[in-house]
Amino acid sequence: PTGAVQQRPLDISSMTLRLTATLLEQCFNSRDDSDLEIFLKDASVPCHQHLLQARCPALDTTALNLPENPSVVDELLRWVYTGKMALPLEAVGGDRIAQLAEMWGLRDLHAMRQRLLRSWRREPARGCVEEDLLRAYDQERLGKTWFLCEKVQEEDPHVYAGFLPLLIKASSFFGAMFSSRWADSSVNGSDVAVIKVGWDVSTMRRLIRFLHGGPSFIRDIQDLDQAIHCADFFGMPVLLAHCNTWIVEHLDRDTAPRLWSYVESQPRLRMNWLEDSIFQEDMLITADSECFDFHLQEFLMMVDGIRDGESWVPLYDLTPSLMYRLVASGSLDVSTALLKSVVANFVQQKVPPAEQKAMLQRMMPPEVLFNRELRDQVLGGCRLGVRGLM
């Protein structure tokens, strides 16, 4: 839209891949459900066959007997799963890792060599693990398990499940499903498992492909409710993290008030429940705080229509409680006269007549700090008083 701010400096496709990468890192850290052993001279290293073949297509996984140091194989597997390395590698030997990766036919061998040559202090080179995973998913080379969904018209009700360890790490629902006899009882006389799930096929297909590094599960604002519902049903915090990143990415002057009001109405989008989760701190984007900051930065531009006498502007999509948070913060860089006019018009538009007087009084100084101009006066006076007292 005209006058919209530049897109937020958050790459939603990159964040989506990082969610997948985080799940794969959990698969690497916890390989108790592995289905392949790499036999070494005095030990063995567990891994997941389908992921290894997705990353090293020419590798013969039936003949993995290596006279190799376990630490070398484990560091190579770290790259296979995560596209990252635990540098520095002096104790392991980066050259030997690269040689073994070349023997295995690793797809992103060049990126791994770049990473080995760089200082660990620099920005790391990334592998293509998510791209390899999605390619293998689309080619149905990650296992033989399918979901049987509710049929919609003539659409094929089967959805390919893909890499089961990934689903187990992503979802408590799938974790329970594949750690029990539920899946085993659904095998239809062959090595292909077909499991019935009570979801429509289009939603299930979008969800499973998203987990494997596919496009955003959320296509527009209408999908947010569905994403939260799926997160609750499947026990899938990755979807709630995805909701937060999607909302932040789509903030502009027209949509921000409506999106912030939506966040307020959905307590499940609060991120404090993720404190002990698998997600890294820099991935815990909190839509509520980002929306708050966005309104502080763009408030003056968002009230243009009010100054021009328009009867409705996107700012009126805020709830009264959110408008109160803005004026209570004392952080709005708007003149006192203009902000009083904006608040008065907002209350008239949003609050029932019988409650308008009380609400207006609550949102006006001296009840709140209101804006930077009044806040600086109040806090400046307090500082002077403290100095005088000392």
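**Aromatic rings and their neighbours**

Arg206 sits over the face of Phe217, 4.2 Å from the ring centre. Keep in mind that the model is a predicted one.

Rings also pair up with other rings, and the structure holds 16 aromatic pairs. Take Phe28 and Tyr81, whose rings are 5.6 Å apart, centre to centre. With 55° between the planes, this pair counts as tilted. It ties together distant parts of the chain, as Phe28 belongs to helix H1 (residues 12-29) and Tyr81 to helix H3 (residues 70-82), 53 residues apart. The cut-off behind both calls is a relative accessible area under 20%.

Another tilted pair is made by Phe147 and Phe178, with 6.3 Å centre to centre and 50° between the planes. Here, too, distant parts of the chain are linked: Phe147 is in strand S3 (residues 145-150), while Phe178 is in helix H8 (residues 172-178), and 31 residues separate them. Both Phe147 and Phe178 are buried.

Phe147 and Phe178 belong to one aromatic cluster together with Phe173, Phe174, Trp199, Phe233 and Phe234.

Note on methods:
Residues numbered from 1 in each chain as written. Predicted model: local features only at pLDDT ≥ 70, side-chain atom pairs only at ≥ 80, totals over all residues. Heavy atoms only, no water. Phe/Tyr/Trp six-rings, centres within 6.5 Å; stacked < 30°, edge-to-face > 60°. Helix = DSSP H or I, 4+ residues; strand = E, 2+ residues; numbered from the N terminus. Buried < 20%, exposed > 50% of the residue type's maximum accessible area, 1.4 Å probe, protein only. Lys NZ or Arg CZ within 6 Å of the ring centre and 35° of its normal.
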